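Here's a quick tour of a two-chain model, one topic at a time. Have the viewer open as you read.

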Amino acid sequence: MTAPEDPRVGLLLSIADDELVMGHRHSEWTGWAPHIEEDLAFSSIAQDEIAHARLLYELAEPLTGRTPDEMALGREPREYRSSWLCERPNGDWGYSIARQFLYDTADAVRLEALTASSWTELGDLVKLMQMEERYHLDHGRAWFERLSAGPVTGRQRLADGLSAGIGEAVALFEPLPGEEGLVANGVLPRPTADLLSEWLGAIGEELEAASLDFVLERHGSSSGEMVPTSSGEMEGEEQAFSAPGVARREGRWIHEGGFSGAGGRFGRHSEDFLPLWEEMTGLFRAHPGARW
Amino acid sequence: MFVWDVLGKRSDDDEFTAVGGVKAPDAEMALLLARETHFRHKEGVAYAVRRRGEAELHAGSYGAELIGGITDRSYRRQEGYAGVGAKHRRVSEEMAGRGLVVDRPRPSPGRARALAREQAASHGTEDGGVPSGADLSPEDLAAQGTAG
């Protein structure tokens, strides 16, 4: 499946697969987080994300004819629509927090937009998700504020994580297959480019307040090219996936240029996705149809 | 890092009572962590933290409807394991029909000791005590289980 037949499926999967894969990555901290309280908190967030994915797969079921389990665990790698940011290994705590901050602030923007969707079932479901996502934002921001305030090592690790993740966070807003139609009929109330603009403006202010906006400068206006997967899951001609750069113009951070090539929203993944997929789906593939 | 007492209300009519503690650098982080460490299974309708040794109470901002989340979390509870024994027996029977053994049920400690005595007798140990591991075949060990 290079592009779902119904663009609504692509929209649902772009969120659901992000949530599933992000939840899987967060869950890898279980037992390893810096202290026991955080271990529980981060594990809880992981479970929330996976629960949100399940809700979205359930909504997709009439369109796909596949159960939530089949959607979560029974697809080929190229059928997933997760973004590259979510696929990356956890790295250190600094990267994990930076990624959670970037992901959940971006997720909040797209979810807020979808509350006005003409697809009322989706709008209602998203409102439900937002109630739990509030905690994720609080968590990400609490850690962001404390790490950015120092000591030096913690701040440096957070900055390194932000620098590593910012370009791929921009790519969370990669245009969706069939996006024009989705916007025209109100299922997606605003184009992804609008959402990217809103997110960059907001996050730019937060990074400036913490004197960490240099991570945006590092991303720059021409450094958005990303390395495609080496997993052999791509089809056709390989073209580097490139996200827009960012720049500060008239007191506000904006994106410049557009996307080129195809990324996660078209089933092209980072080199880190295949090992994750193999582990995440291993039991399901080993015992097809098993019930437990 | 400070120690913070965690307090909760079971119902709106209750007063705050101590339910545990967390370590955190400040009140905001203590509240953030207390919400998931002590209330993620909807154990209350309100929560608060108080730095140990101090009087000031810091109340959590999440209302009762949001404490413990809103999506289905039943699988997080221990009750989620209800019926596992029956499922195990059913699957074991199905597999036995195919000539496969899923696992051997572990005998209770009393049964295990009795079984060991019987096996000791059959192995001819003079004192009738429990034989050493070297005296038991793999089948004997499997029959006893690995836990007491």
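## The sheet in chain B

In this predicted model, four strands of chain B make an open sheet, ordered S2-S1-S3-S4, with antiparallel pairing. S2 and S4 (58-59) of chain B sit at the edges with a single partner strand each, so one side of each has no neighbour in the sheet. Strands here are DSSP E runs of at least two residues, helices are H or I runs of at least four, and both are numbered from the N terminus. Two strands count as paired if DSSP finds at least two bridges between them.

S1 (residues 2-9) of chain B is joined to S3 (residues 46-51) of chain B by six bridges, the two running antiparallel. Look for Gly8(B), whose bridge partner in S3(B) is Tyr47(B), and for Trp4(B), which stands opposite Arg51(B) in S3(B). Seven bridges link S1(B) to S2(B), also an antiparallel pair; there, Asp5(B) has Gly21(B) in S2(B) as its bridge partner.

## Chain B as a whole

Chain B has four helices and four strands, and from the N terminus its elements go β-β-α-β-β-α-α-α. H1(B) lies across S1, S2, S3 and S4 of chain B, at about 120° to S2(B). That angle is between N-to-C directions on a scale from 0 to 180 degrees, with axes fitted as lines to C-alpha atoms, for helices over the stretch in contact.

Of chain B's 148 residues, 18% count as buried. Buried means 20 or more other C-beta atoms within 10 Å of the residue's own, exposed means 12 or fewer, and partly exposed is in between, with C-beta atoms placed from the backbone. Among chain B contacts between residues at least 6 apart in sequence, 45% join residues at least 24 apart. A contact needs C-beta atoms, placed from the backbone, within 7 Å.

## Where the chains meet

The contact draws 16 residues from chain B and 18 residues from chain A. On the side of chain B that touches chain A, S2 (17-24) and H1 (27-39) of chain B each supply at least two residues, and H1(B) gives the most, with six residues. That side of chain B splits into seven nonpolar, three polar and six charged residues. Here Ala, Val, Leu, Ile, Met, Phe, Trp, Tyr, Cys and Pro are nonpolar, Asp, Glu, Lys and Arg are charged, and the others, Gly among them, are polar.

Leu32(B) is worth a click: this residue sits in helix H1 of chain B and counts as buried because it has 25 C-beta neighbours inside 10 Å. Leaving out residues up to four places away in sequence, Leu32(B) touches Ala41(A), Asp138(A), His139(A) and Ala142(A).

## Two helices of chain A

H2 (residues 36-64) of chain A has 29 residues and spans 40 Å from first C-alpha to last, close to the 42 Å expected at 1.5 Å a residue. The expected span is 1.5 Å times one less than the number of residues. H2(A) has a kink of about 30° at Glu58(A), shortly before the proline Pro62(A). The bend is the angle between axes fitted to the seven residues ending at a residue and the seven starting there. Just after H2(A), Gly65(A) takes a positive phi of about 70°.

H5 (residues 93-114) of chain A has 22 residues and reaches 31 Å between its first and last C-alpha, close to the expected 32 Å. In H5(A), 17 of the 22 residues are buried, so this helix is largely enclosed by the rest of the structure.

## Numbering and confidence

Residues are numbered from 1 along each chain as its sequence is written, while chains are lettered from A and ligands numbered from 1 in the order in which they are written. Since the model is predicted, local features need pLDDT of at least 70 and side-chain atom pairs count only at pLDDT 80 or more, whereas totals for chains, interfaces and linings use all residues.

Methods
Contact = placed C-beta atoms within 7 Å.
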